[in-house]
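Here's a quick tour for anyone opening this one for the first time. Have a look at the structure, then work through the notes below.

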Amino acid sequence: MKKKIGVYICHCGANIADHIDVEKVRESIASDEVVFLSRTTMFACSDSSQKDMVDDIKKQELDAIVVASCSPKLHLQTFRNVAVRGGLNKYNYVQVNIREQGSWAHSDTPAAATEKAIQLVKAGIARVIESQELTPLKIEAHNKVAIIGAGVSGLRAAVELADMGTHVDLIEREHFIGGRVSQWGQLFVSEKNGEEIVKKLYETVIDHPMITLYTGTELIARSGSVGNYNLQLKITPRFVTQECKIGAFDKAIEICPVSVDDEFNFSLNKRKAIYKNYESEFPHIAAIDMLNCTKCGKCLEVCNSINLNQEILIENITVGSILLSTGFDPYEPSENEFSYKTIDTVITLQQFKRLVELSPNKLIYRDKEIKTIGFIYCVGSLQIKGDNKYCSRYCCTSAIHTAIQIHRKYNIKSYHMNRGIRTYGKQELLYTESSKNGDVYVEFDPKKEPIISKNGKQTIIKVVDLLTAKEELDIPVDLVVLVTGMVPRKDNSIADILKVPIGRDKFFNEIHPKLRPVETVIDGVLIAGACQSPKNITESLKSSLAAASKANSLISKGEIELEPTLAVIHIAQCDWCGKCADACPFGAILKTSIDGKEVAMVNNANCKGCGMCLPVCPTDAIDLIGYTNREIESMIDALID
Amino acid sequence: MAKINPEFLDELKKYGGNDFSACYNCGNCTAICSLSTEDNSFPRMMVRASVVGLEEKVTSSLDPWLCYYCGDCSLYCPRGANPGELMMALRRWLTAKYDWTGLSGLLYKYLPATILAFVLTALAVIGLAIKLNFEMETIMHYGHLFEMFAILGVFMVILTPNLIRMWYLVIFKPKRNIPIAVYFKGIGELFIHMFTQKRTLGCSNSQTRWFEHLILVFGYLTLLFTTVVLDWFGTENFFIIALGYIESAVVFIVTAHFMYSRVNKDKELNKHSQPSDWLFVIWLFLMGFTAFVVRLFIDFDLLAANFWLYLLHITILVQWAVLIVPFGKWTHFLYRSFAMYFSSIIQLSQETKGK
């Protein structure tokens, strides 16, 4: 119980004082016996006012203060610091919002606004009377980060974290690292090859003593919380222990009887059960796809480093933070979308990029040499009917860059059926270059999509061109490339395991797009790269570096400070019904047993103090520190008094 | 539904339009053009049709002829797509398209073919001179005869059929049904534009250019009349002789200025000269100049000693009459005025239908 309270009513220049009689507010609470002093001030947040308050607290030995001014969003920290400078605990300060909730909201009715302000200040005083001294919670933090996904984002973040002195467990689901970038061949704008970029990153990662790389590894369970996450990993072996002797691997591929669609090449061709996606892929050792392997044993005869009896391992690791860089999947057009899968000359941009990679001299698809290509843009992005309302950002540039590449490599002419070209920034130069090469840009109305048909052997794109006075054009092409955008990974089970929130676009969601762009509401779980939203490589790496530095700043001090405003369970009243655990959005409430009685327990590190558990408790066994039932009830009493 | 010709763009580049594929359809060119109107706007649509490969749209269009090339569009194009020069290339391409012999396209596209044609005609003239034993009188007689027959022949065999082809491509084929009466109603436009080129005045800063061009046309036509009908080289009449001097002087002085402009590239329209442009001004200059000197030599009685001068003049004349007039840039004189005529009767018939 606080008995010597200082109350300050702020004019906020004219913001408050124009509509609220500030002096009347002061007078009406001044007589309260717990109010030791009450003052009005022109600008409570000004340096001089702050200094006066600090002096008051010290000289008058106040035990709590109330400032009636603006929203706590603006100045809660300011006045908490005033309290601390005066020698008080910062939780013995209460802010009353008489600007946003008073003068601004009721500028037409000043008298009533003044009355409301008086009640609000009284409620604030009632609350501060019940306020307690609280100290922030400190929890131990492991200076180690688990990075999920070893594409370029994950690799780059791993290097950065390791350089800052944080241990990294880099976990990759596939047997090879590099993710999507290794599939793309030449990249815009640097003209570097995807494989080269991956190689550079891999070489740094593999030499770094602070980084442990896990391939063929999936996260299957998690417990704990920020600073102390326990992760369970399932490690699928590659069944090849070291590199086969020169020539032996080629022979093994030759004799392997299994043939499955090659996902790395988007099913353009087949691969064997023993495979490498490309010659210089990392790690250099081949892998066997045990889902499809028949264990016929033929490969054992040519390469003695194959061991088909390797077993799946389960490993547990403890980390302080988790960085998700799980990437994206290309949008897969539905059957019949732009005649995909019904007309054999229609493929996706991703398939096409692989086709270009696999075709050194001539571009041949289904035994026909390709001379003209029609690109259709925004397939799976900016959907009018579908759910993907977003722009996938990279596809315009990628398609145009590819068009330039194939013009150079095979002298192919391209028609670009687009909905407005978005080659932002430096990428605009590519658009200019492609136009000058003689590529034709046709803009269509999204409500009148191009129609692809086949006249004998000739593929024809029928499109209404907005730039030619809505003329319907018949464009004969050899191949149609659907410029497909990015969608979240098909298998995003990791979101369930980590409880990462999913946005409306179905990508992982950050807390705040501008202020906290790489953090999720799950403390210690960060997101980077294209698992968050469509990004190009540059943008992905920037976000991965941001996430790396955020992870480091969070856990590298060895301990993490948490707000003490947490839920607490009154054991005596709790009969464990589980309703609070269901209501908790952060998985912070667990069942435990104390002296043989089943009760709820709060994991402090996970609790955000949101208060969702309080109203559902049938026995009123939960309190929120800083917002205890006593505090809230006394506020209500004061308001209705 | 419009079929696309994927090779059209590359074909046009052979006629001198080099940069237009950079166009991103902002429409600045049409907005800045002082001749473009709401009902008949250009050049953006022509650039677009050329980029996309809508050959038929270009073939049936009069827009290229309605542009008098002030160069503003090229000056203000944010992509350097040079629409003005494309319009120029389209005029060359259309000239080739109208020409039933196909020679026009050949000469425009392949410089070696042009050179060969000029050399062959020169050899033919010299051959004839040899056959006539270099007899001055006879050669001059034949020269005069040639002038008359060449004019008639080129008109009958080449230019008239080509004009009919132009009419077919622009009016008949696109099914613009125009009542016969309208053809008569609009005929005035044909001659007004043929002899005044007044549309040039609608271009920005084009008064001087228009005036120069106007006196050049009059100089050229009257010189033709003076030499062919009044027999300038043979006459003793003082007035006719003086008239011829003035006319030929106008021709070579104005063309000399034109050449100077093209060398200095002082204006947008002079920056991108093709061989056909050079041939046109140089040959016109040489014609005027040699005619002037030939008559001068006659007056000073020096011609007998300067037989070669006359041979040069007649060679240039023959090359002009059988190459440049029927297949080269000369035809713009006809196509431009007929385009204005066709454009006005198309508009007239639309107005009639509107009523």
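The contact between the two chains takes 16 residues from chain B and 16 residues from chain A. On the side of chain B that touches chain A, the elements giving two or more residues are β1 (2–3) and α3 of chain B. Keep in mind that this is a predicted model.

**Where chain B meets chain A**

- The largest share of chain B's side of the contact comes from α3(B), which puts in five residues.
- What kinds of residues does the side of chain B that touches chain A use? They divide into 12 nonpolar, two polar and two charged.
- There's strand pairing across the two chains as well: β26 (residues 471–477) of chain A and β1(B) run parallel and are joined by two bridges.
- To spot that pairing, look for A:L473, whose bridge partner in β1(B) is B:A2.

**A look at helix α3 of chain B**

- Helix α3 of chain B spans residues 44–52 and is mostly covered, with nine of its nine residues buried.
- Among those buried residues are B:R44 and B:R48, along with B:M45, B:M46 and B:V47.
- Further along α3(B), B:A49, B:S50, B:V51 and B:V52 are buried too.
- Just after α3(B) comes B:G53, which takes a positive phi of about 100°.

**Chain A as a whole**

- Chain A has 16 helices and 34 strands.
- Its C-alpha atoms fill a box of roughly 95 × 70 × 45 Å along the principal axes.
- Of the 641 residues in chain A, 45% count as buried.
- How much of the contact in chain A, counting separations of 6 or more, is between residues 24 or more positions apart? Those pairs account for 71% of such contacts.

**Domains of chain A**

- The domain assignment gives domain 1 (5–130), domain 3 (248–302), domain 4 (330–487) and domain 5 (563–625), plus domain 2, which is written in pieces as 144–236 + 312–327 + 500–555.
- Taken over C-alpha atoms, the centres of domain 4 and domain 5 of chain A are 55 Å apart.

**A four-stranded sheet in chain A**

- Chain A has an open sheet of four strands in the order β2-β1-β3-β4, with parallel pairing.
- Which strands sit at the edges? They're β2 (35–41) and β4 (93–97) of chain A, each pairing on one side only.
- From one strand to the next, the twist averages 15°.
- β3 (residues 64–69) of chain A runs parallel to β4(A), and five bridges join them.
- Within that pair, A:V66 stands opposite A:V94 in β4(A).
- Helix α3 (residues 72–85) of chain A lies across β3 and β4 of chain A, at about 150° to β4(A).
- Helix α5 (residues 110–130) of chain A packs on the sheet too, touching β1 (5–10), β2, β3 and β4 of chain A, and its direction makes about 155° with that of β3(A).

**A strand with two faces**

- Strand β5 (residues 137–140) of chain A pairs with β30(A) in the antiparallel sense, over four bridges.
- A:I139 has A:I560 as its bridge partner in β30(A).
- Along β30 (residues 559–562) of chain A, the side chains alternate.

Note on methods: Residues numbered from 1 in each chain as written. Chains lettered and ligands numbered in written order. Predicted model: local features only at pLDDT ≥ 70, side-chain atom pairs only at ≥ 80, totals over all residues. Buried ≥ 20, exposed ≤ 12 C-beta atoms within 10 Å, placed from the backbone. Pairing = 2+ DSSP bridges. Domains from an automatic or database assignment. Contact = placed C-beta atoms within 7 Å. Nonpolar A, V, L, I, M, F, W, Y, C, P; charged D, E, K, R; others polar. Axes fitted to C-alpha atoms, helices over the stretch in contact; angles between N-to-C directions.
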